[in-house]
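Dear colleague,

Please find below the sequence and the structure that I am handing over to you. My notes on the findings come directly after them.

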Amino acid sequence: MAQLWGGRFTKETDRMVYDFNASISFDKRLLHQDIEGSIAHVVMLAKQGILTIEEKDAIVKGLTGIERDVEDGKLVVDLSCEDVHSFVEANLIERIGEAGKKLHTGRSRNDQVALDMRLYTREQVIVTDTLLKELLKVILDTMEQNLETYMPGFTHLQKAQPITLAHHYGAYFEMFKRDRGRLKDIFYRMNYCPLGAGALAGTTYPLDRNYTASLLGFEGPTLNSIDSVADRDYLIEFLSALSTIMMHLSRFSEEIIIWNSNEYQFVEIDDAYSTGSSIMPQKKNPDIAELVRGKTGRVYGALVSLLTTMKGIPLAYNKDMQEDKEMTFDAMDTVQDCLNLFTGMLRTMRFHKERMEKSAMNGFTNATDAADYLVGRGVPFRDAHGIIGKLVLYCIEKETSIERLSLEELQAISDKFGPDIYDAVSLKTCVEKRLTTGGPGSKAMKQVIEQHKTYLAGKDLTEDHEE
């Protein structure tokens with residue numbers, strides 16, 4: 001197919017060079033955005049008197065016909081074209097003739113591709129936000145149902161203090177809530193229209209960039225034509241946010257993998273989200289959690305790759321920037337797939353509550369509360385810390401736990417212990433008396449859950465934008 005830019009050249013591009021230069025194999029997914037942007041552009045051109053109403057109508061009809069035919073399978077994207085923009089324009093000219101050649105008036109491929117990528121990324125930000133909200137709903141449901149499901153909290157992968165499953169899940173609610181906040185920030189920061197910037201210095205045509213921006217749902221036009229075509233900050237920000245989402249998913253996956261192990265047996269992953277072994281019939285492997293954990297590095301790679309690509313590029317546009325697409329598309333797809341599957345796995349996962357509670361009881365998670373009990377009896381905390389340390393050592397030697405010791409054994413270590421020590425170190429007491437905001441006590445947790453419900457009932461990204 002003849003190139004739309006071929007007038008300057010006297011010989012054809014080497015086939016290998018052409019293939020190396022072409023982007024149609026991956027930017028074809030921008031077809032909808034390319035047509036959407038082109039329609040807005042020609043509507044604006046007609047408003048400004050640069051195109052006639054008849055020319056505008058013919059172009060719009062031709063463009064909508066191309067998109068419809070591609071969607072219906074009547075037209076296949078021609079991979080011999082250099083890029084999706086060339087494919088659309090060439091097909092338009094073939095369909096409507098001379099009017100189609102005016103599509104590119106007042107526009108460069110530089111601001112065209114900048115627009116397409118912004119439109120596509122904006123859409124993907126919304127999709128990702130929607131998936132995060134669905135995950136948060138599942139997490140919140142689990143929190144509501146497990147206010148008294150006791151389990152050990154950990155530091156250094158060692159049992160530390162008793163908490164509830166609701167409290168543990170609540171930590172991930174906060175993480176993914178922050179992720180949504182980052183997406184919201186990115187959406188508003190990137191939501192300005194680069195179309196009309198031209199190659200880098202604008203155009204002499206009397207374009208109405210504010211009108212084009214409003215047609216496409218942007219807050220307004222970008223304010224520097226050089227930055228308009230050279231900017232990929234919004235992609236770097238989005239990849240950074242996606243990397244953080246994957247980091248949170250990976251941490252959660254790691255815990256599920258540990259909880260699913262034979263040693264812990266805290267959870268039972270549904271058969272639909274597990275696989276077996278080709279040789280060991282007893283195996284039930286947490287493959288989804290492991291793959292989410294593994295794919296995190298893939299998304300990190302996209303972020304580092306784009307940062308590295310952009311770090312040495314002078315203003316304005318350079319062909320290096322074509323490398324922004326494949327890695328970003330892959331990261332977007334990967335994160336959305338991971339969120340979908342992880343949410344499904346979480347929704348169907350079952351908990352072995354008795355085992356979780358037993359694990360909390362057997363790990364001296366109530367040691368801090370025993371020390372606090374002595375403090376309440378007038379013992380300085382540092383001395384109480386030492387007494388409980390000796391008590392734990394005694395329990396280890398006897399292969400028992402604090403609450404199983406007799407009062408005589410306890411008083412042999414400190415005469416400050418009384419019969420009420422047993423209630424003071426019960427799991428229920430240890431958890432329920434922690435009522436400060438953010439703590440695991442059921443009263444504090446219920447208040448937090450109500451706040452989370454209000455948050456999830458709030459406006460979504462698109463609704464917020466419409467206002």
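This is a predicted model: local features need pLDDT of at least 70, side-chain atom pairs count only at pLDDT 80 or more; totals for chains, interfaces and linings use all residues.

Residues are numbered from 1 along each chain as its sequence is written, and side-chain values use heavy atoms, with hydrogens and water left out.

**The chain as a whole**

The secondary structure of the protein chain comes to 20 helices and 6 strands; these are DSSP runs numbered from the N terminus, with helices being H or I of at least four residues and strands being E of at least two. The radius of gyration is 30 Å, well over the 23 Å that the globule rule gives for 467 residues, so the chain is more spread out than a compact globule. That radius is taken over C-alpha atoms, and the globule rule is 2.2 Å times the number of residues to the power 0.38. Along its principal axes, the C-alpha trace spans about 100 × 55 × 40 Å.

Of the 467 residues, 49% count as buried. Buried means under 20% relative accessible area, exposed means over 50%, and partly exposed lies in between (1.4 Å probe, protein chains only). The chain exposes about 22,700 Å², of which carbon and sulfur atoms supply 52%; the areas come from the Shrake-Rupley method with a 1.4 Å probe, and for residues only the protein chains shown count as cover.

Among the contacts with a separation of 6 or more, 77% are accounted for by residues 24 or more positions apart, a contact being heavy atoms within 4.5 Å. The chain has 55 positive and 71 negative side chains, and the centres of the two sets lie 2 Å apart. Here Lys and Arg count as positive and Asp and Glu as negative, with His and the chain ends not counted; the place of a charge is NZ of Lys, CZ of Arg, CG of Asp or CD of Glu.

**The nonpolar cores**

A nonpolar core is a set of buried Ala, Val, Leu, Ile, Met, Phe, Trp, Tyr and Cys residues joined through side-chain atoms within 4.5 Å. The largest such core has 91 residues, and those with the most contacts inside it are Ile139, Tyr169, Leu249 and Leu346. Helix α10 (residues 233-260) gives the most to this core, with 15 residues. Apart from it lies another core, of 20 residues, which includes Ala367, Ala371, Ile388 and Ala424.

Which residues does leucine 346 contact, leaving aside its neighbours within four places in sequence? They are Leu135, Val138, Ile139, Tyr169, Phe252 and Ile256.

**Buried residues and their surroundings**

- Isoleucine 59 lies in helix α4 (residues 53-72) and is buried, at 0% relative accessibility.
- Leucine 131 belongs to helix α6 (residues 109-145).
- Arginine 232 sits in the loop between α9 (225-230) and α10, yet it is buried, with a relative accessible area of 1%.
- Isoleucine 387, in helix α15, is buried at a relative accessible area of 17%.

**Backbone features in loops**

Most residues other than glycine have a negative phi, and most peptide bonds are trans.

- A cis peptide bond, with omega of about 5°, joins leucine 315 and alanine 316. Alanine 316 is in the loop between α11 (287-310) and α12 (324-348).
- Glutamine 265 is not a glycine but has a positive phi of about 55°. This residue is in the loop between α10 and β5 (267-268) and is partly exposed, at 36% relative accessibility.
- Glutamate 399, also not a glycine, has a positive phi of about 55°. It is found in the loop between α15 (381-398) and α16 (407-413), where it is exposed, with a relative accessible area of 76%.

With kind regards
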